Amino acid sequence: SDANISCFDPIPLRPRPMPPVLHSAIAGRESEKTGTFYIQDVYQCSHPLEPGSIKRLRVNEIISQPTAKPAALNYPVEIVKRILGTVPVQADGSVAFEAPACTPFQFQLLDENGMAVMTMRSLVYLQPGEQASCVGCHEPRSTVPPPLHLAKATVQPLTPPAGPSYEGGFSFMRSVQPVLDRYCISCHGLDKGEKDKVEKDVNLLGPMSGQPGREPSYRSLFASGRVNRAEEGNDPSRPKDFFAHGGTLAKMLLDGHPDKDGKKQVELDRESFQRIVDWLDVNAQCYGDYSHNRIESQPPSPEGEKRLREAIAERFGAELAWQPYAALVNVANPAESRVLMAPLPVAAGGWGQIAEGAFSGKSDPGWQEMLELVEGSVTPPNHRDLAGTCGRDQDCICGCCWVSKDLAARQQTSRDGVESRQQLSAKDR
């Protein structure tokens, strides 16, 4: 070979026949909202997995960061994820499902307790109407894939995750804090003042009167040493090495939280347990977005809080009314605030913890009035995100507010152009 001639992009020296043009597999399906993904056998893995041990596949959306400087996220900062849902894995290890098109997502293999056994460390992507497939999960690259019988695969929709539905990625305050309020704060929070340091003991109360940064409950769970997170630079994944299986929190809750005498004291219902597991399996992220204007750090409205406490005292008594604000209201998920859920019967979707003054259901006028007071007790943010930026213009803290200004200028220029053309057209007539 001649070192003076590049072989990276060779150019034919004589005419060659045009290669055949392959027909597009998605032609005519560009308007479809979903694609289909097939996995032949999840047990085709470089690390042995016991046959029958994988019950479901979880699909997580990877949410990209909109600005150069993100707000505080987790320990440490990382990409935000949203759980799209789960789908059953067949006895032979195969699985087929529909997923949103034009969306980056990752897979997790789940055991009988809904806990991640293996997690994909990259991502996949579907075009509208596309059918994609893979051999297995972390399968050896040197092996030959077995025959694929797509006609026998049953395509299934994703089952939504446990807990409330909301925009954006998985949020600790929206999904996990209601579980802590229901089962945990009576022993880990209500016995502490709002100024207590969470490092001294496990304090699982939510945000304290507009306290900035991550929630005390979030930081306290990490301080307890029971949460395991996957950090960048670790060795290749092995079964059950990180997340819910890697820490001790899920195992403790699965076995039943013991009291001081070693007896089972707290056993979570299935949905509540799954909320905790889902949080651990998305790497224990705190916030479900990259916003610089989060409601979690907003203080209560003095007048709104006063009206709320008066209504609580009138219906439930002074003892509940003067508990810490964080024990009464979930600022990020008002509808699951403790003051609304604890007096709501289990049969009506509540917690059934307060009998005196209890609501009959969510259609009860008293429950609706209390919900309005809860929502009115939260001070709305002074600023709102604009095109992914902090929306603070001269006081910009995201470093990218010029983008929204440029977008607004372009939109105004476009409007001016339309008006000019309309005026010219009117003159011609």
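Student: Which residue has its backbone nitrogen 3.0 Å from a polar atom of the side chain of aspartate 364?

Tutor: Serine 360 does: its backbone nitrogen lies 3.0 Å from that side chain. First, some ground rules. The model is predicted, so local features need pLDDT of at least 70 and side-chain atom pairs count only at pLDDT 80 or more, while totals for chains, interfaces and linings use all residues. Residues are numbered from 1 along each chain as its sequence is written, and side-chain values use heavy atoms, leaving out hydrogens and water.

Aspartate 364 sits in the loop between α9 and α10. Helices (H or I, at least four residues) and strands (E, at least two) are DSSP runs, numbered from the N terminus.

Now look the other way, to α10. Aspartate 364 caps the N-terminal end of this helix. One of its side-chain oxygens is 2.8 Å from the backbone nitrogen of glycine 366.

What else surrounds aspartate 364? Leaving aside residues up to four places away in sequence, aspartate 364 touches Arg315 and Phe359. A touch here means heavy atoms within 4.5 Å. Aspartate 364 is buried. That word means under 20% relative accessible area; exposed means over 50%, and partly exposed is in between (1.4 Å probe, protein chains only).

Yet aspartate 364 has no salt bridge. A salt bridge needs a side-chain nitrogen of Lys or Arg within 4 Å of a carboxyl oxygen of Asp or Glu. The nearest side chain of opposite charge is arginine 315, at 4.3 Å. For charge, Lys and Arg count as positive and Asp and Glu as negative; His and the chain ends are not counted.

Helix α10 has twelve residues, 365–376. Its expected span is 1.5 Å times one less than its number of residues. That gives 16 Å, which agrees with the 16 Å between its end C-alpha atoms. Gly366, Trp367, Met370, Leu371 and Val374 are its buried residues. Seen down the axis of α10, these fall within an arc of 140°, so they line one face of the helix. The arc is that of the directions from the helix axis to the C-beta atoms. Pro365, Glu369 and Glu372 are exposed, on the other side of α10. The cover over the buried residues includes α6 (302–316) and α9 (338–341).

In one of them, arginine 182 pairs with aspartate 269, with the closest N and O atoms 3.3 Å apart. Arginine 182 is in helix α1 (172–183), and aspartate 269 is in the loop between β9 (264–266) and α5 (270–281), so the pair ties together parts that are 87 residues apart in sequence. Aspartate 269 is partly exposed, at 27% relative accessible area.

Glutamate 271 also has a partner: arginine 275, with the closest N and O atoms 3.0 Å apart. Both lie in helix α5, four residues apart, about one turn of the helix. Glutamate 271 is partly exposed, at 40%, whereas arginine 275 is buried, at 5%.

Conventions. A polar contact is a pair of N or O atoms within 3.5 Å; within protein, one must be able to donate a hydrogen and the other to accept it, and residues adjacent in sequence count only if both atoms are side-chain atoms.
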